[in-house]
Amino acid sequence: MSDGSQSATTPLDGFDAHSNARDIVKLFQCSRCSLPLREPMTLPCGNALCRPCLPPLYKRENITYPIVEGRSEGFLCPFDGCGSEHSIGDCGFDVTLNKIGHSVKAFISSYNTKTPQIRLLLEEKLNNTVPDDSSPEVIPRSRVLSGGRIAATFVLADMGELNYHSDVAYTSVDASDPDSVRTADVAVLENLREAIRAELECQVCYQIMLDPLTTSCGHTFCRRCFCRAMDHTNHCPMCRRLLPLVHTQQMTPSNKRVTRLILHLLPDLLVARKALAAQEDMVDEETQLPLFPCTLVYPQMPTFLHIFEPRYRLMVRRVLENGTRKFGMLSYKPHSDYQHGGSHWQEYGTVLFIERVEMLADGRSLLETRGLYKFRVVETGMVDGYLTGRIQRFDDISVHEEEVIEARETSIPAQPDDEDSLVRLYHSSTQQLLEYGLEFVRQAQARSARWLHQRVLAAYGQPPEDAATFPYWLASVLPIAETEKYALLPASSVRERLKITAGWIHRLEQARCEYEAELAAKAREQQDRREPEPVEAIATNQTARLEPRPVTAREAEVVEAEAHDFESSETEAGTTESRES
């Protein structure tokens, strides 16, 4: 079974009010129960059905991330071409389809009571190529109804007497003029378009939706509008609800039912919207993004910059004047990775958004920026002395793929005789990996570790409890080599990034324990080498003597990054422009 319909019409023409009356009504029917959509829900695959038509739920095993209500229960998608496991937490009540359904039903009811009666005999024509799961023997039904083809067909579906896959044959009962039936259908379709048009407009750009995407809270927007809104906040533009999986929702398939409604009922507005989008693509920031090779930054993390070189002053002025306020930040390759004739900067970087700017009297500027998303450099060029390039946005894998990876890695328990504690750690659940990192930070704060100075926390905030953001935060404050930190950017999985940070912590904790054990051994050795003083010396020396002071916990404390030979490449919060290639 598929949430789709076949039609010989073209997108430019849309559905004809008279000859495509059955297809028009099918746009509002549930493909499972054949009734007009009731409490419609849009699934992660883009298909829609009634809430009562959801398949039976079951408990999902070995999945701890993300912690969102409803993710512990799932079902198998009933639509052909999908068949995937969906979490009930990802299936939102579709606000747009619900409002459209109420508007259409109210209009048809009002139309049948106010307009002249045009009686038609509707005979159901079963589609034998599509099996009906509800009954082994389905008898075609017929009924005489009024209101023209569209209105009568909708009433027949609302009565539960028209299968979603069936066609309808129409016969005039009163031998009325065929033109009167066509005229009535044209009027009905025009009114339907007006009734649903407002619900099919994006509430970000106020245009007809293009590539509609439905969030987990049930609101639908243009995909591009939603992505741009999520560059600045993780809250729904409509209801302001927090969207915890925003980094994966941008990869969600389009809402198929809304797409079909726009394609077949509002084709002229869709053509105009596509033309406007084409104009926007001509000035797409990703085709010629200014790039600034300087330091390593991450999505959602703040970066503070002091701009003083003339070429970068020009770059900043231009991104402020064109309104994008965006540029890409790249880090330099280590000397060992540089190849003669190749680029001096890394392949992956982060797009920064300028939140605040302070222009100084001499032309310099102080910027406060925040990372938006990761990208991969496709090609580069030079404009007025600074680097520009064509980039490709690099997002995380879908939540479904994330859950499959976690279930596979945690379902294979570590061997009891496995002495490698890091291997056992990698078999932990995603939530346990996050808790491992948070506990490390809490213990470091209890020891007053210098890399968690109040000034650092004031800039980067307290450690986030979001698994997608925590690795970026830890890498921003932990003073270890940038060559190790860079591994987070090419990683496309939340679990993979947590495993990388767990590896850092594991090595730091091991080194700290070894350092403390070495200090304790030296203290015992010095204590054993002390020879007892003669009694006579004690009697003649009446002055108070200082006893050997034992090694205090403060002296034995290991500041994690300082206890190793890791190359320290921490960039201060007030990062300035670095060396040039």
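Let's start with strand 3 and strand 4 (residues 73-76): 2 bridges join them, and they run antiparallel. Strands here are DSSP runs of E, at least two residues long, and helices are runs of H or I, at least four, both numbered from the N terminus. Two strands count as paired if DSSP finds at least two bridges between them.

Now the whole sheet: 3 strands make an open, antiparallel sheet in the order 3-4-5. Strand 3 (58-59) and strand 5 (85-87) are at the edges with a single partner strand each, so one side of each has no neighbour in the sheet.

A quick word on the source: this is a predicted model, where local features need pLDDT of at least 70, side-chain atom pairs count only at pLDDT 80 or more, and totals for chains, interfaces and linings use all residues. Residues are numbered from 1 along each chain as its sequence is written, and side-chain values use heavy atoms, leaving out hydrogens and water.

Not counting residues up to four places away in sequence, E403 touches R60, I63, Y65, P66 and R71, where contact means heavy atoms within 4.5 Å.

Last, leaving aside neighbours within four places in sequence, L265 is in contact with residues including I24, L27, F28 and L189.
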